[in-house]
Amino acid sequence: MDRELFGQAAQQRVEYLTLGLGLAAGIAALALRGWPEAAGLVLGSCVAWINFRWLRRFVRRLAGASMAQPGDEKAPAVPKGMVWGMFGRYALLGLVLYAMLLRFYWPALAFLCGLFALVAAVLLELIGELVFWGRRSMFT
Amino acid sequence: MPTGPAGKSPVDWVRQVALALDLPFMMIGAMVGGGLVGYFLDVWLHTAPWLMLVFGLLGLIGGLRGVLQTLAQRSGTPGGRGGRS
């Protein structure tokens with residue numbers, strides 16, 4: 001099985017949708033609840049976006065690394081540099097979030113809700129693909 | 001067998017969508033969850049910010065391990081011991 005997370009174009013759309021939905025939710029929260037909630041939502045969706053982007057790249061590079069070792073019956077080792085790079089990125093992200101939590105006020109609940117922008121984006125993409133796929137297979 | 005979007009079989013396609021939903025939450029969820037547990041322990045034990053940092057780091061390590069194990073189980077390659085589940 002290849003490790004691509006569905007199609008490349010679909011992945012791009014999920015990225016844009018995550019940011020778009022987070023921004024839309026932020027604008028709605030700004031109108032209804034005020035700026036702290038809006039900032040938390042937008043920040044959460046940005047973290048969800050960057051997380052998806054990093055994971056996508058990680059999975060693709062991991063698949064590339066495993067394909068570079070053909071004919072090996074035993075499972076090849078995961079390149080250590082790749083794992084440490086991933087670890088470093090997330091540690092840095094955690095520290096930045098922690099520093100922002102100390103320095104600025106932003107509601108944690110709104111931030112957690114913002115993380116779910118990725119789920120909404122994937123579901124929206126799923127529905128879009130199914131509708132488009134169903135329509136396409138109906139006529140072919 | 002009919003193919004789904006992106007020319008994949010429907011089963012593969014659904015499996016990959018599930019993976020796209022699963023992996024990001026495994027990574028961020030473990031880190032945020034660990035940080036939250038550490039935060040509440042810090043409030044209780046007055047040790048801020050150390051437990052939050054330690055638990056956040058443990059969550060990050062656990063999340064990364066979980067991602068690698070999930071990928072290994074799904075493909076039977078890097079880091080995998082048991083192959084496809």
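Trainee: What share of the 140 residues in chain A is buried?

Mentor: First, the ground rules. This is a predicted model, where local features need pLDDT of at least 70, side-chain atom pairs count only at pLDDT 80 or more, and totals for chains, interfaces and linings use all residues. Residues are numbered from 1 along each chain as its sequence is written, while chains are lettered from A and ligands numbered from 1 in the order in which they are written. A residue is buried if 20 or more other C-beta atoms, placed from the backbone, lie within 10 Å of its own, exposed if 12 or fewer, and partly exposed in between; for chain A the buried share is 33%.

Trainee: And what share of the 85 residues in chain B is buried?

Mentor: The cut-off stays as stated. For chain B the value is 38%.

Trainee: How many helices and strands does chain A have?

Mentor: Helices (H or I, at least four residues) and strands (E, at least two) are DSSP runs, numbered from the N terminus. The elements of chain A run α-α-α-α-α. The count is 5 helices and 0 strands.

Trainee: In chain A, what share of contacts between residues at least 6 apart in sequence joins residues at least 24 apart?

Mentor: Two residues are in contact if their C-beta atoms, placed from the backbone, lie within 7 Å. For chain B, with 2 helices and 0 strands, the corresponding share is 38%. For chain A it is 78%.

Trainee: Leaving aside neighbours within four places in sequence, which residues does Met27(B) contact?

Mentor: Its partners lie in both chains. From chain B come Gly63(B) and Val67(B). From chain A come Asn51(A), Leu55(A) and Tyr90(A).

Trainee: Is His46(B) buried or exposed?

Mentor: His46(B) lies in the loop between helix 1 and helix 2 of chain B. Its phi is near 55°, a positive value in a residue other than glycine. Because 6 other C-beta atoms lie within 10 Å, His46(B) is exposed.

Trainee: Which peptide bond is cis, with omega near 0°?

Mentor: Most peptide bonds are trans. Look at Pro49(B), in the loop between helix 1 and helix 2 of chain B. The cis bond runs from Ala48(B) to Pro49(B).
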